[in-house]
Amino acid sequence: MSADQSPQREVVTGEPRRVRPLPRYRAQSEIDEQTALGGAYVRSLMRGQLRAGLTAFAAVVLVVATLPVAFLALRSTTVVWVVLGFAAYPPLPLIAWWYVRRAERNERDFARLVEGRPAP
């Protein structure tokens with residue numbers, strides 16, 4: 001080839017070679033369309049949240065129900081205040097912390113299920 005001539009480009013037209021992926025099954029559409037499967041997904045989330053709430057409630061009731069027994073056994077006003085300050089109140093924030101963590105974990109698992117991501 002001489003310096004004057006440059007190679008010509010040829011344009012080839014035809015079907016695109018990329019294969020389009022099939023539409024993925026989306027759990028979110030099941031929930032949005034309120035199908036039976038979508039209802040089962042939502043019920044499973046609600047059941048998990050209810051279980052976490054009832055567990056936290058049972059723990060609070062256990063702490064509060066033992067207080068009158070402790071007060072009767074101690075029979076001292078000073079000791080009653082110590083029990084209230086150091087035995088009753090510290091478990092309550094711990095129970096609340098556990099409940100929030102569990103509820104967020106349930107929601108994260110549900111979102112992962114709806115988005116179709118695998119579990120870690």
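The side chain of Gln 49 makes a polar contact with the side chain of Glu 107, at 3.3 Å. A polar contact here is a pair of N or O atoms within 3.5 Å; within protein, one must be able to donate a hydrogen and the other to accept it, and residues adjacent in sequence count only if both atoms are side-chain atoms. Please note that this is a predicted model, in which local features need pLDDT of at least 70 and side-chain atom pairs count only at pLDDT 80 or more, while totals for chains, interfaces and linings use all residues. Residues are numbered from 1 along each chain as its sequence is written, and side-chain values use heavy atoms, with hydrogens and water left out.

Let us stay with Gln 49. Its place is in helix H2, residues 36-74; helices are DSSP runs of H or I with at least four residues, numbered from the N terminus. Is Gln 49 buried or exposed? Gln 49 is buried, because its relative accessible area is 15%, and buried means under 20%, exposed over 50%, and partly exposed in between, with a 1.4 Å probe and protein chains only. Leaving aside neighbours within four places in sequence, Gln 49 is in contact (heavy atoms within 4.5 Å) with Tyr 99, Ala 103, Asn 106 and Glu 107.

I turn now to Asn 106. This residue lies in helix H4, residues 91-115, and its side chain is joined to that of Gln 49 by a polar contact of 3.1 Å. Asn 106 counts as buried because its relative accessibility is 11%. Not counting residues up to four places away in sequence, Asn 106 touches Leu 45, Gly 48, Gln 49 and Ala 52.

Next, the charged side chains. Side chains of opposite charge can pair when their charged atoms come close. How many salt bridges are there? The count comes to one, where a salt bridge is a side-chain nitrogen of Lys or Arg within 4 Å of a carboxyl oxygen of Asp or Glu. Asp 109 and Arg 112 form a salt bridge through their side chains, at 3.0 Å from N to O. Both residues lie in helix H4, three residues apart, about one turn of the helix. Asp 109 is partly exposed, at 34% relative accessible area, whereas Arg 112 is buried, at 15%.

Finally, I come to Val 100, which also has its place in helix H4. Val 100 counts as partly exposed because its relative accessibility is 42%.

Methods. Helix = DSSP H or I, 4+ residues; strand = E, 2+ residues; numbered from the N terminus.
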